[in-house]
Amino acid sequence: MREQGRLSFAMIVGLAGLAVLAFAGNSLLARAALADGATEAGVFSAIRLTAGALVLLPFLRGRPTTSDIPGAAALLVYVAGFSFAYLTLPAATGALILFGCVQASVMTIGIVQGDRPSFASWAGLAIALSGLGWLFLPGSEGAAIGPAAMMAVAGLAWGLYTIIGRRSTDPTRNTAASFLLAAPFALPLILLDQSLPSLSGVILAVVSGALTSGLGYVIWYRVTPHLSLATTATVQLATPIIAALGGAALLAEPLTVDIAVAGGLIVGGIVLTIRK
């Protein structure tokens with residue numbers, strides 16, 4: 001673990017827990033808004049990023065710079081892919097695909113930077129990817145190919161965004177800058193929508209942008225510099241579990257055998273990749 005600075009161990013655990021709840025909350029809010037047609041994916045994405053930018057504006061401390069562009073681009077791709085995928089994916093399935101691809105992207109970036117994974121890490125990655133593959137099997141109840149592919153792209157983008165934020169010396173400012181730069185580029189996505197959002201859809205998008213995204217990401221990037229890369233990946237493993245339970249309890253989404261099998265493979269594989 002990295003030098004903790006002014007954060008106590010209890011604060012690190014507490015902040016990490018709040019961040020994971022925010023990540024799961026994003027999946028549940030998106031499904032609540034998109035599955036019932038309260039809003040469509042384009043306007044949900046635009047409102048989410050705009051609300052996040054507004055709530056984070058006091059933390060910007062100056063104008064965005066060119067160094068903020070990669071983070072903003074990764075954030076935009078993640079939010080767009082996430083929203084369009086959740087038009088049809090259940091909350092649990094989407095979270096499994098998302099964080100399985102997050103781990104794959106983080107591990108790939110580590111390899112490019114010179115890390116040399118152990119045999120166990122390679123085996124774990126193969127097992128996790130087999131879990132993702134299970135969701136794509138013909139006849140599986142897990143996911144349709146198109147939405148699953150969009151969520152996979154979102155996961156790769158979120159992995160990159162995590163790495164960028166983790167390296168930042170001022171993650172709160174960089175998070176604010178990313179939202180501010182990404183928000184205008186999400187507006188054209190509204191043209192893909194076929195109907196206007198309802199009031200409940202707008203409220204869900206605002207809550208997702210301002211609370212579980214904007215402030216949630218600030219909390220996440222406040223704590224990740226105090227964690228090793230392996231621990232950072234491990235903490236996020238709780239997200240699909242919480243999303244699955246929340247989807248069943250709040251959205252009446254079924255916990256299918258396919259989701260259970262895929263979830264076991266993905267979580268088990270990722271645990272294997274981070275073993276010391």
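## Helix H10 and its surroundings

Helix H10 (residues 238–250) has 13 residues and spans 18 Å from its first C-alpha to its last, close to the 18 Å expected at 1.5 Å a residue; the expected span is 1.5 Å times one less than the number of residues. Helices here are DSSP runs (H or I, at least four residues), numbered from the N terminus. The structure is a predicted model, in which local features need pLDDT of at least 70, side-chain atom pairs count only at pLDDT 80 or more, and totals for chains, interfaces and linings use all residues. Residues are numbered from 1 along each chain as its sequence is written, and side-chain values use heavy atoms, with hydrogens and water left out.

The buried residues of H10 are Thr239, Pro240, Ala243, Ala244, Gly246 and Gly247. Buried means under 20% relative accessible area, exposed means over 50%, and partly exposed lies in between (1.4 Å probe, protein chains only). The cover over these buried residues of H10 includes H1 and H4.

## Helices H1 and H4

Two packed helices are described by the angle between their axes and the distance between the axes. The axes are lines fitted to C-alpha atoms, for helices over the stretch in contact, and angles run from 0 to 180 degrees between N-to-C directions. For H1 (residues 9–34) and H4 (residues 91–112), the axes come within 9 Å and cross at roughly 135 degrees. H1 is therefore oblique to H4; angles under 35 degrees count as roughly parallel, over 145 as roughly antiparallel, 65 to 115 as roughly perpendicular and the rest as oblique.

The crossing of H1 and H4 is right-handed, a term for a near helix turned clockwise from the far one by less than a right angle, whereas anticlockwise is left-handed. Phe23, Ser27, Leu28 and Arg31 of H1 make the contact with Ala91, Ala95 and Phe99 of H4, where contact means heavy atoms within 4.5 Å. By class, these residues are five nonpolar, one polar and one charged. Ala, Val, Leu, Ile, Met, Phe, Trp, Tyr, Cys and Pro count as nonpolar, Asp, Glu, Lys and Arg as charged, and the others, Gly among them, as polar.

## Helix H6 and its two partners

H4 also packs with H6: their axes come within 7 Å and cross at roughly 50 degrees, which makes H4 oblique to H6. This crossing of H4 and H6 is right-handed. Residues of H4 including Gly94, Phe99 and Ile109 take part, and those of H6 include Ala148, Trp158 and Arg167. The contact of H4 with H6 divides into 15 nonpolar, four polar and one charged residues.

H6 (residues 145–167) packs with H8 (residues 199–223) at an angle of about 55 degrees, the axes being 9 Å apart. The pair H6 and H8 is therefore oblique, and its crossing is right-handed. On the H6 side are Trp158, Tyr161, Thr162, Gly165 and Arg166, which meet Tyr217, Trp220 and Tyr221 of H8.

## Individual residues

Leu15 is found in H1 and counts as buried because its relative accessibility is 19%. Beyond its neighbours within four places in sequence, Leu15 is in contact with Leu7, Ile219, Arg222 and Val223.

Arg61, not a glycine, has a positive phi of about 50 degrees. Arg61 lies in the loop between H2 (41–56) and H3 (69–85) and is exposed at a relative accessible area of 51%. At 68% relative accessibility, Ala252 is exposed.

How values were computed:
Helices (H or I, at least four residues) and strands (E, at least two) are DSSP runs, numbered from the N terminus.
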